[in-house]
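Trainee: Please take a close look at one part of this model for me. Then connect that part to other local features worth checking.

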Amino acid sequence: MIRPAYLPMLRIVIFNNSHGWHSEQLEAALAPQGVAIIRSTLAQCRIDLDSPSGLHIPGLGSGLPDAAIVRGIAAGSFEQITLRLDILHTLAEFGIPVLNTAFAIERTVDKARTSLLLRHRRVPTPRAWACEDLAQARHLSAQAQQERRELVLKPLFGCQGQGIIRISKPADLDAYEATGDLYYLQEFIRPAQPNIWQDWRVFVIGHRPIAAMVRRGQDWITNVARGAQYFPAPLEREIGTLACQATQAVAVDYGGVDIIQTPAQGFQVLEVNSIPSWKALQQTTEVNIAGALAKTLLEQL
């Protein structure tokens with residue numbers, strides 16, 4: 001849909017940590033719609049009560065965007081992250097469409113909260129625990145060992161498989177320095193087929209699955225960033241439905257849902273990503289993912 005020339009040009013800001021592939025894809029999808037793209041980072045924005053809106057976003061003068069897409073929130077202190085989320089919260093409160101909102105990002109960047117929300121909405125997901133006490137974490141590991149199960153220790157805030165550790169016995173925890181003095185433990189899922197380590201990444205927009213791929217690793221970590229191979233996967237009804245249930249549970253407008261097949265309990269949701277990459281996925285599908293995101297954002301206007 002080409003925007004009529006007599007209408008004012010829309011201004012859409014892309015919040016990213018750097019000008020990368022994903023931003024280029026979004027710009028290419030939005031440009032033909034008569035949209036002006038403003039590149040920014042949340043770290044460059046500020047609260048400024050001298051401005052009409054109370055916010056200052058570089059490249060917009062004293063005004064506000066018509067919409068925003070979040071493609072990155074740089075690492076920072078608790079206070080810095082809080083301020084950056086304040087910017088996103090305020091935009092949404094002003095009625096400006098934001099993909100994804102601060103609320104959505106907060107629900108998914110925190111793995112413990114994601115697990116809680118999935119369980120609350122009865123979306124199949126591995127058992128999980130979060131605690132601040134090493135003794136409690138050791139007890140959980142000992143209990144799992146007695147039941148001949150293993151656990152996976154993950155950073156509460158983390159991505160791309162970084163910093164995750166497989167826990168077979170309580171002693172495995174002793175050498176680990178808890179991130180933020182907190183232990184997030186998720187039940188380890190053995191492969192449904194012996195020695196085939198794989199999971200599914202399903203991309204969902206507007207609670208509708210649009211593309212999927214299988215990620216297959218040489219070991220139990222199947223992130224593409226850790227060297228896993230990836231292949232096209234059909235959008236089977238069961239996987240697509242489960243992915244949409246997951247995005248509804250955490251209320252994200254778009255997301256990458258990681259799904260694993262268990263030996264006895266079928267498919268389960270491992271994680272939901274509210275700022276998902278799709279560079280690898282785009283190579284496995286004919287669906288224009290950036291185009292689908294652009295269409296969804298413009299429809300919200």
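**A buried serine and beyond**

Mentor: Leaving aside residues up to four places away in sequence, S23 touches I14, N16 and S18 (contact: heavy atoms within 4.5 Å). This is a predicted model, where local features need pLDDT of at least 70, side-chain atom pairs count only at pLDDT 80 or more, and totals for chains, interfaces and linings use all residues. Residues are numbered from 1 along each chain as its sequence is written, and side-chain values use heavy atoms, without hydrogens or water.

S23 sits in helix α1, residues 21-30 (helices are DSSP runs of H or I, at least four residues; strands are E, at least two; both are numbered from the N terminus). S23 is buried, at 2% relative accessible area (buried is under 20%, exposed over 50%, partly exposed in between; 1.4 Å probe, protein chains only). R39 is 16 residues away along the chain from S23, yet their C-alpha atoms are separated by 8.5 Å.

Now move to the surface. I47, L49 and L83 make a nonpolar patch there, with about 310 Å² of accessible area together (Shrake-Rupley, 1.4 Å probe, only the protein chains shown as cover). Patch residues have over 30% relative accessible area and no salt bridge; nonpolar side chains (Val, Leu, Ile, Met, Phe, Trp, Tyr) are joined within 5 Å, like charges within 9 Å. A salt bridge puts a Lys or Arg side-chain nitrogen within 4 Å of an Asp or Glu carboxyl oxygen. L83 belongs to helix α2, residues 78-93. L83 is partly exposed, at 35% relative accessible area.

Next, a helix pair. The axes of α3 (102-109) and α4 (111-120) come within 5 Å and cross at roughly 95°. So α3 is roughly perpendicular to α4 (65 to 115 degrees; under 35 is roughly parallel, over 145 roughly antiparallel, the rest oblique). Axes are lines fitted to C-alpha atoms, for helices over the stretch in contact; angles run from 0 to 180 degrees between N-to-C directions. E106, R107, T108 and V109 in α3 meet K111, R113, T114 and L117 in α4.

Check the backbone on either side of that pair. L99 and N100 are joined by a cis peptide bond, with omega about -15°. N100 lies in the loop between β6 (98-99) and α3. R122 is in the loop between α4 and β7 (128-131). Phi of R122 is near 60°, positive in a non-glycine residue. R122 is exposed, at 75% relative accessible area.

A251 also has a positive phi, near 55°, and is not glycine. A251 lies in the loop between α6 (237-250) and β14 (254-262). At 38% relative accessibility, A251 is partly exposed.
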